[in-house]
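Good morning, colleagues. Please turn to the structure on the screen.

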Amino acid sequence: MDEGSRVDILKMYPEKKFCTKCRENKLRNEYYDHPGTADGKSSFCKACMITANNANRAKNKANGSYRNYNQIRDAKKEFFILNAF
Ligand SMILES: [Zn+2]
């Protein structure tokens, strides 16, 4: 690919941005705003940010931050099982 056609692609898809996590070219509205970056957008797409957030939440859960929530949920599950039979 020569320099000319690369510029043409940038002209054709100025709204696209490469996600460094899933390595996909996605529309710029697929990225959260991030004032600290050169182009004002996060380097991960929204889907990857959500995945990263979920991973963080799972880590917090393992640390006990969500223990209360799990206890309530497990109690509900137990109640359902007990009443299902
Ligand atoms: Zn991504």
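I shall begin with the overall layout and then turn to confidence and to two residues.

This is a predicted model. The chain contains three helices and two strands, and along the sequence these follow the pattern α-β-β-α-α. Of its 85 residues, 6% count as buried. Among contacts in the chain with a separation of 6 or more, 17% are between residues 24 or more positions apart.

The mean pLDDT of the chain is 81, and 73% of the residues reach 70 or more. Among the elements, β2 has the highest mean pLDDT, at 94, whereas helix α1, residues 3-12, has the lowest, at 60. Where pLDDT is low, the predicted coordinates should not be read in detail.

R23 has a positive phi of about 60 degrees, although it is not a glycine. Most residues other than glycine have a negative phi. Is R23 buried or exposed? R23 is exposed, because 8 other C-beta atoms lie within 10 Å, and the cut-off for an exposed residue is 12 or fewer.

My second residue is A52, which is found in helix α2, residues 46-63. A52 has 12 other C-beta atoms within 10 Å and is therefore exposed. How far is the C-alpha atom of A52 from that of K21? The two residues are 31 residues apart along the chain, and their C-alpha atoms are separated by 9.9 Å.

That concludes my presentation; thank you for your attention.

Notes
Residues numbered from 1 in each chain as written. Predicted model: local features only at pLDDT ≥ 70, side-chain atom pairs only at ≥ 80, totals over all residues. Helix = DSSP H or I, 4+ residues; strand = E, 2+ residues; numbered from the N terminus. Buried ≥ 20, exposed ≤ 12 C-beta atoms within 10 Å, placed from the backbone. Contact = placed C-beta atoms within 7 Å. pLDDT = per-residue confidence, 0-100.
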